[in-house]
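Please open the model in your viewer and keep the selection tool at hand. The tour below goes from stop to stop, saying what to select and what can be found there.

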Amino acid sequence: MKEMKVFIATLFTAVSLLLLVTATASAAEGPAVMITNYTVEPEVLMPGDTGTITLTIKNMDTKSSETETTSTTTTSYTSSTETTSTISAEIETIRLSSRSRDIEWLEEGFQRSEYYNVGALGPGESITIPIPIKAATYASDRPYILEVYIEVDNGENVRFPVRVKVDSSEVEILEKDIPSEISLSESKQMEIVVANNRPNKVSGVNVLVKSKSDGLEFTPERIFIGDLAAYEKEPVNFTLQTQTLKNSLTSNEIGNIEFSFEVTYKNGDNLHYNDLKSSVLVKNSSDVKLILVNAPESVFKGEVAKIDFDVANGMTKDIKAVSVVPAIEGLRILPSEYFIGDMEVGDVFSASFDVYTDNLRVGDIEIPFKLLFRDVDTDRRYETQGYEVHIEVKEPQKSGLPSPLLFVALLGIIFFVAVLVRVAVKRKGRKVKG
């Protein structure tokens, strides 16, 4: 009996040692993962564009937990300890799939189809995951439904539809008010409209003069607009000038001159271009003209030559600060500048100059005059070659030769003396007869 009691005690001790640490685990169902939000940037892709789908993934389960119980038994008592911990969602992979190859996953120049070993999400935690995509250049204009598949190692897998839209509409430049013709030495305002025909916002919009003739000048040459909302239009203004064209072309070459504008813009991070081609007829029929009214063909050295001009505004707009200036040095001409001021369309004003010939050489001389004026819209100053006056400077008569007046006086004296002699002869004859 005693041996039996010892055996039972020994057996109990052995069992107690074997069960010194025992663990039991109880767990609820796996965590629930959901896609709570997604965005596509740009909102609408153009064919060939790259973009990004940004997913917000959240572990919605805040209650799932697991409990671990540890029991300790000795000869006198048994104790147990329970430890409770939350369950994290173990995200194994994230994949993107589509029935069409028009929209595909793209990453750093090569294609891939999934993220591996994304990580764990604790209860209530969320994470944002970017998925780079690319629209094929042949993608058609329509919405595409892609599927995001999330594989959760210790929970339910997730399938979620994502909508990506493709639209090939562009940002255009449209003519609003481009002059059909312009005169030399003239400036005109032109207005064009930049229209965003897309269903989404574009950014970084720039308008610039892309190509033009060497003689055409545009002010400014670039206009920055910035963002354009969906279907928004923005007018922009340029000033067209032809001043340098007058010096670079002959009269036979004046005609239709082509030019173009270019608009650059971004759809997301994708740069796009569009342009507008136009032309203007450059005419030489209307201008501000300097017309010679009177000038001597020749003068004797030392005399003053008087030169008279008419200044005519043949342009289709008013001008201001009009003046006529001699374009020659070393010659005394008064006034040094003939200021006229403002001139309306069709006005004609006079300008006169006195040229002093004391220091001129004998022979033919050319005296150029230039015409200056300012544009009333741009305040730009124009300088045109007005007119060249040709005058012959002659040597003055020598002092030893009788002047015409002296010659006439001598003739008068001779005539008067002849008359006196004749009268005296007649009187003498009468006395002899008597």
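A salt bridge, as the term is used here, is a side-chain nitrogen of Lys or Arg within 4 Å of a carboxyl oxygen of Asp or Glu. By that rule the structure, which is a predicted model, holds 10 salt bridges.

**Stop one: an open sheet.** Select strands S3, S13, S12, S7 and S10, which form an open sheet of five strands in the order S3-S13-S12-S7-S10, with mixed pairing. Strand S3 (44-45) and strand S10 (114-121) stand at the edges and have a single partner strand each, so one side of each is left without a neighbour in the sheet. If you look at S3 together with strand S13 (residues 158-166), you will find that the two run parallel and are joined by two bridges, with Val-44 standing opposite Lys-165 in S13.

Now select Glu-151 and Arg-95, whose side chains meet in a salt bridge of 3.9 Å, N to O. Glu-151 lies in strand S12 (residues 142-152) and Arg-95 in strand S7, so this pair ties together parts that are 56 residues apart in sequence. Glu-151 is partly exposed, at a relative accessible area of 28%, and Arg-95 also counts as partly exposed, at 30%.

Move to Asp-102, in the loop between strand S7 (89-97) and strand S8 (103-107). Which side chain of opposite charge is nearest to Asp-102? It is Arg-142, 4.5 Å away, and Asp-102, although buried, has no salt bridge; the cut-off for a salt bridge is 4 Å.

Select Asp-375 and Lys-317, which form a salt bridge with their closest N and O atoms 3.1 Å apart. This pair links distant parts of the chain, since Asp-375 is in strand S30 (residues 363-375) and Lys-317 in the loop between S25 and strand S26 (319-326), 58 residues apart. Asp-375 is buried, with a relative accessible area of 3%, and Lys-317 is buried as well, with 12%.

**Stop five: a nonpolar patch.** Finally, select Leu-410, Ile-413, Phe-416, Val-417, Leu-420 and Val-421, which form a nonpolar patch on the surface with about 560 Å² of accessible area together. Among them, Val-417 is found in helix H3 (residues 404-433) and counts as partly exposed, at 42% relative accessibility.

How values were computed. Residues are numbered from 1 along each chain as its sequence is written. This is a predicted model: local features need pLDDT of at least 70, side-chain atom pairs count only at pLDDT 80 or more; totals for chains, interfaces and linings use all residues. Side-chain values use heavy atoms; hydrogens and water are left out. Patches are made of residues with over 30% relative accessible area and no salt bridge: like charges are joined within 9 Å, nonpolar side chains (Val, Leu, Ile, Met, Phe, Trp, Tyr) within 5 Å. Accessible areas come from the Shrake-Rupley method with a 1.4 Å probe; for residues, only the protein chains shown count as cover. Helices (H or I, at least four residues) and strands (E, at least two) are DSSP runs, numbered from the N terminus. Buried means under 20% relative accessible area, exposed over 50%, partly exposed in between (1.4 Å probe, protein chains only). Two strands pair if DSSP finds at least two bridges between them. Lys and Arg count as positive and Asp and Glu as negative; His and the chain ends are not counted.
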